Amino acid sequence: MPTGFGWDFKTQYMKNYWEANDWREWDFQLVIYEKVNDRIVRITLNRPDKRNAFNDRLYEDLSAAMHRANDDPDVRVVIICGAGRGFGAGHDLSSPEGEETPPVHPSINPTLQDYYGFERRRCAKYEDIMDYPKITIAQVHGKCIGASQIFTAMCDITICAEDAQFGIRGFGSQLHGLTEWPVWPLWSNKAYAGRALTEMSGAEAAELGFANKAVPADKLEEETLRWAEALSQLPSEAVAVTKEWMNGMLDIMGMGGTQRAHFHAHLALQYVHFRPDEVNLYKAKKDKGFKGFLEDRAKTATPDANK
Amino acid sequence: MSTIIYEKIDNIGYVTLNRPEELNAMNDQMLAELDALLPQLEMDLEAKVIVFRGAGKDFCAGQDLTGVNTHEVLSEPGEHLTVKKRMEAERRRNRRWETIFNLAKPTIAQVHGHCLGTGCYLAMVCDMTIAAEDALFGDPLLRMGLLPHMPLWLYLVGMKRTKEMLYTGCYINGIEAEQIGLVNKAVPRDELDTEVERLSRGIALLPCDATAPAKDAINSVMEARGLGACWRFTNNMQLVMQQRKMLPEEFDFFKVRDKQGLKAAVEQRDRPFKKFCEER
Amino acid sequence: MKYKNILLKLDGKVATITLNRPDKLNAINDEMLRELMKALDKVKRDFDSEVVVIKGAGGSFCTGQDLSGEGTDQVMPPNPRNKNYLYDLFATSLQNQSVWQYIFEFPKITVAQVHGYCLGMGLDLAMACRAAICTEDAVFGDPSVRMGFASPNPLWTFRIGLKKSKELLLTGKYIDGKEAERIGLVMKAVPADRLEDTMAAEVEVFAHSSGIGGWDQQADFWCYSMTVLDLAGLSAGRRMAGNAHVLSAIQRPGRSLIDRGGLDFCQARDEKGLKAAIEERDAPFREYFPQPKPKKG
């Protein structure tokens, strides 16, 4: 379907109504789908060479896997974890043009209409995770940044390694809006001000309520399974209704609007104008490639006063 | 014998749940007496602050699950009720908590022992909760396929912790309850009475014309934050829950209770989660 | 511009606004509030500024509204013994709501540096800053209820949660910096001799907070955050709390707490002086709520 971008979007999904979509015959390339037992599925994001960064294929695989788990009447709990050194590095910023998952480069010059469609599809992904009718547990080790962090915020339960890292220097933890919601109270000085700019360790995340439990990294899988086994005892219809109730209340409390407001924030980002003393990272990526971009980003990264 | 005792001492109104043999579990009689008392609590200008507490060893273990004289407490699966009657019943049940939440004077929950289910809801809708360190808070309703119908969970402890508490149904003690924002303060059991007395005497110094709008300002913000809509939404979701299909292999609390007794039913309800909760 | 009640310093990325009525413990009157707004406006338009430190001269951050009643038509409700019109109270309330909304939403990064007392409207100011850092012996509180007022500040439950908000606002009690840190009212509480260093280090972090998208990204996400909060009910809450405040303040003798045994603060102040009136307000509560004091020296 032609767009102002000049290419066809591969991923035409809209809101991912979990019963309604056609992911049933799917060949998993970038995730591993595993039935731990009748009631528990473990989905592993399997792109370790790219630190499990989301590209279109990874996201589609994940959706298909979650669909499969939802269609399986015995399954009650879905665990999501990452292969390799970390849970996920967010959207793949090195993806080639034509991919929908990384931010769109302003030089492509899309119309606002294109942008809205793109953003709606992108942000709907997060809402879909929240709406999943079965229990989701994010099992987090290593780095969990950007979109990956939002993903864990949308899951019911997050179990993490004590030394996991949520957020990253130069990108922050509380800049997404959606990732603020699990932290409570919503604008506690402990949570917002202290975390706006620096990473949040797994231990800190558990203390702030962003994650439910933090354990030593070597105990992570075992702890996650403990939770999954306990929660898989709950009656499945009761869980679906309870979850709908809680999410409904979150919508009433403003979270639904937050998802939408997220679009505006993202779209405005396309028009960022750098100050004279700042490093222009779009330019860096263009001139020096992805590696050069990472080097320049590290240079501008926030010094951390806490550590 | 009254299941609720009200006494006023030095401008402090004490509401004592009084079914200590049943851990102060709420049955129809207790709810009726509570309903009759609520207007009185507000109208009595000499009672500057209200303290809710429990007789005996516990605050309140929640709904009376015996099924005897509990029609007002909860609608059991298998009851043939029209949607209209269900809605009215759910409205009344939530209205009770909403009314206490909005009582135009400060309320304090003094919690020791078990504080579960609707007992926990009572503590949550009070303005302040002071707990013994070894008090036990929890909401095991989901294990029985019942909706844990208290919207304040999300407002008090946030998304992740709410899901944790309601899915696991685990009990937490007063210390952890303080850490997560469920209660104001946890104190050693033998200091509970003095702590609550100190707090209530201090508040009782304040004129009601001052505390009423002061409380209203905060509750109004909560209303603006969606709490009002959440009460109603919760009622509606109760009805959805009551329509759920139970799978043949799923644990049917009420059937087991009818056949084997309440004790057995509770034991079987909690058994699958026992190890997990102990190892938390 | 020459300010009488504040000091403004612009210095590269960091601006500093100092509340400057130290002999009055930086109590806020109408003129100080106006000057604060003017100073903030100047900072907003200063391209280089990115962080604004707000602090107090002398021994305290700010003890709140100037309770002397002089030059306080905006910041204090009128004496209940005057024949007050609802119109005036509501008009002032609407104006105050927009002032405090402006401060909270300020597009540069505001950080409160708190030592000594931080009470009433002073606490509102600290809470309206994005972050607050204090000394361990700083003293926080809002004694409004002891004077018969509801607080119009909607931020309480967002900052410290429902239970703690009610505890502090329904007792009017004071807490120290350590407790403030524990409940999330401030980011950090440090020994007094470490306050300046800690502020400098944290301000440095804030001044480089932009991340990969630069200052524009920060501005974008800040506005998004304000939207998120309004979607969560903050704006409506500000109005609701403002209206409850007016209701509490419109009560007049013959029909108010004053007749039913409550403290007539204005009368106590006029008869015995401000200090005695404050003592009369707080003394009865000390038996029940220990009242911390900032350390001397």
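Helices and strands are DSSP runs, of at least four residues (H or I) for helices and at least two (E) for strands, numbered from the N terminus. The model shown in these views is predicted.

**View 1. Chain B, overall fold.** Chain B contains ten helices and nine strands. The C-alpha trace of chain B spans about 60 × 40 × 40 Å along its principal axes. A compact globule of 280 residues would have a radius of gyration near 19 Å, and the 18 Å of chain B agrees with this. Of the 280 residues in chain B, 55% are buried. Among contacts in chain B between residues at least 6 apart in sequence, 74% join residues at least 24 apart.

**View 2. The contact between chain C and chain B.** Chain C contributes 39 residues to this contact and chain B contributes 32. On the side of chain C that touches chain B, helix 4 (156-160), helix 5 (162-171), helix 9 (234-249) and helix 11 (274-286) each supply at least two residues. Helix 5 of chain C gives the most, with nine residues. By class, this side of chain C has 18 nonpolar, 15 polar and six charged residues.

**View 3. Helix 8 of chain A against helix 8 of chain C.** The crossing is right-handed. Residues making the contact include Gly257(A), Ala261(A) and Ala265(A) of helix 8 of chain A, and Phe221(C), Tyr224(C) and Val228(C) of helix 8 of chain C. By class, the contact of these two helices has eight nonpolar, five polar and one charged residues.

Conventions: Residues are numbered from 1 along each chain as its sequence is written. Chains are lettered from A and ligands numbered from 1 in the order in which they are written. This is a predicted model: local features need pLDDT of at least 70, side-chain atom pairs count only at pLDDT 80 or more; totals for chains, interfaces and linings use all residues. A crossing is left-handed if the near helix is turned anticlockwise from the far one by less than a right angle, and right-handed if clockwise. Two residues are in contact if their C-beta atoms, placed from the backbone, lie within 7 Å. Ala, Val, Leu, Ile, Met, Phe, Trp, Tyr, Cys and Pro count as nonpolar, Asp, Glu, Lys and Arg as charged, and the others, Gly among them, as polar. The radius of gyration is taken over C-alpha atoms; the globule rule is 2.2 Å times the number of residues to the power 0.38. A residue is buried if 20 or more other C-beta atoms lie within 10 Å of its own, exposed if 12 or fewer, and partly exposed in between; C-beta atoms are placed from the backbone.
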